[in-house]
Amino acid sequence: MKRKNIWITGLLSLLVLFMSACGNSSTPAQDPNSTSSTAAEGTGQPKDGGNIIIAVHEDPRVLNPLYSNDRVTLTINQSLFAPLYTIEDGGEKKFVLAESLTSSEDFLTYTLKLREGLTWHDGQSLTADDIVYTMNSILDEKQNSSQRGSFVFNGKPLTAKKVDDRTVDFVLPQPSASFEAMLATLKPIPEHVFKGETDLEKSGKNSNPIGSGPFKFKEYRPGEYVTLERFDNYFGGKARLDSVTYRIAKDPNAANLALQNGELNMRKIDPADYNKLNGTGKFNMVIYPEGRLNYMVFNFNTEALKKKEVRQAIGYALDKNELIATAYGSSEFAEPGTSIFTPDTQYQSADHEQYNYNADQAKELLKAAGAENLKLRLAYANSNKIQEAQALVIQQKLKEVSIEVELMPLDSTAYSNMSLDPNNTKFDLSFNGYIMGVEPDAYKSLYLSDAAYNYSHYKNADLDKLWDQAAVEMDTAKRAEQYKQIQQTIADEMVVYPIAFDKAIIAVDKRYGGLDEARPKPVFMFEDLSKLYLN
């Protein structure tokens, strides 16, 4: 599905799962060239200089792209670290640090060529040594990078070999249909900075990250903000803005007020706030399908939820249309989730049980499982309006089939940490969301038995094998059938309950131009902030 951008003049008031805003009274001083949305509108002529303040809902976890898995960290690292290339709509490559990638006739060797004259933020040259070091770090099991599985094929890792200072050969143990797309997720880290570090994730070097993107690290105050400044030697040209500040803002109501007061210049907003904020006329609104699934997670550590019939019963007891109407306010901002794969993902299929609302079927399954009068705990982020709205609907709908649900609103950081605990028994149901892109192999990091981000803690050795087989299958028809089987298995097992494919709504202060050139992008809001400017 091609992504379409809908531009709306005014401000979008929306409900967002990952972004809250502005509950912190402390903020860095605004650049004198920066403007607030309460000032008179600009001339429309771009100029250099100024700052933009972007709201994020929590602190980044680690400013190292090998461990970027949450929205906030990914968003900040997007400006700090450049990729080798990106995959565009339609599957074409857009080269960034790399200038080419070619494969051998047998698809076992891929040769990557870097651009000339690349440098890190500290002035050191970025070379093939850095690419090899980054790949080897990912493949090192001791480093616990979630990207490792993308470069291991049927149990055998690829090999990265330096050819010369600008050339790297990636040698695969067997052909893989997923490799080119997954290599696009790699953002190199500097060997000269990290060499000798035994634990890259916990390294103190991450507190002053050295990257290769259009902006370089300046300052981080935990709980307050992260500020980046322009990197003048960026190969793609100097950014128009002097700096970017990511302000940590947890309270969505305070965030809306901060947007209107000009304390924030950009934020991913909630649908529930759309009409009010849009009516101010102070913002450009960017709406686009984000390729994102909003879903409910079943915790397989819970005794009652180990029974498939109980999980299926819960699916039949819920109504996706009601959940969407309540949480998003309109089908304009979301459509029912029909698969664990989003519509932009290759081989997405809805050819499996959809668990359409059927309370009688739910009651029969619960009775057959001997699981009547259950009591379950549903956790969600307390700053997330969508999750809160969904939780209330689910509590009511499950009550109708004699399941009592205790709601557990949690601080987003505590919520995330509990969810990632493989032995978590503090709650039984929870919410999550992901954006994985066009390559279906990316999804296995959420569903493999030993995957760190397997929030359900679901284990299925046969399914693990199928994921591995599909990653390397070169026959398109066979690969499509394998991914169809994966989707069917997870639906039948009711590992997760897909709720909605939702859209992103980004409110941007009208004083900022270059939005088309910066390109709206899933997760990051915009792909390249170097293209933004003040009018």
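The points that follow take the salt bridges and then the cavities.

This is a predicted model, in which local features need pLDDT of at least 70 and side-chain atom pairs count only at pLDDT 80 or more, while totals for chains, interfaces and linings use all residues. Residues are numbered from 1 along each chain as its sequence is written, and side-chain values use heavy atoms, with hydrogens and water left out.

**Salt bridges**

- Across the whole structure there are 36 salt bridges, each being a side-chain nitrogen of Lys or Arg within 4 Å of a carboxyl oxygen of Asp or Glu.
- Arg 71 and Glu 290 form a salt bridge at 2.9 Å, N to O, and this pair links helix α1 (residues 71–80) with strand β15 (residues 283–298), 219 residues apart; helices (H or I, at least four residues) and strands (E, at least two) are DSSP runs, numbered from the N terminus.
- Both Arg 71 and Glu 290 are buried, where buried means under 20% relative accessible area, exposed over 50%, and partly exposed in between (1.4 Å probe, protein chains only).
- Arg 377 and Asp 428 also form a salt bridge, with their closest N and O atoms 3.0 Å apart.
- Arg 377 is partly exposed at 27% relative accessibility, whereas Asp 428 is buried at 3%.
- A network of salt bridges links Glu 88, Lys 94, Arg 519, Lys 521 and Glu 527.

**Cavities**

- There are six cavities of 30 Å³ or more, a cavity being a set of points on a 1 Å grid over the protein atoms alone where a 1.4 Å probe fits but cannot get out.
- The largest cavity holds about 120 Å³, a volume being the space filled by probe spheres set on the points, which are joined across faces, edges and corners.

Methods: On a 1 Å grid over the protein atoms alone, a cavity is a set of points where a 1.4 Å probe fits but cannot get out, and a pocket is an open set with protein on both sides within 12 Å along at least five of seven lines; lining residues have an atom within 4 Å of a point.
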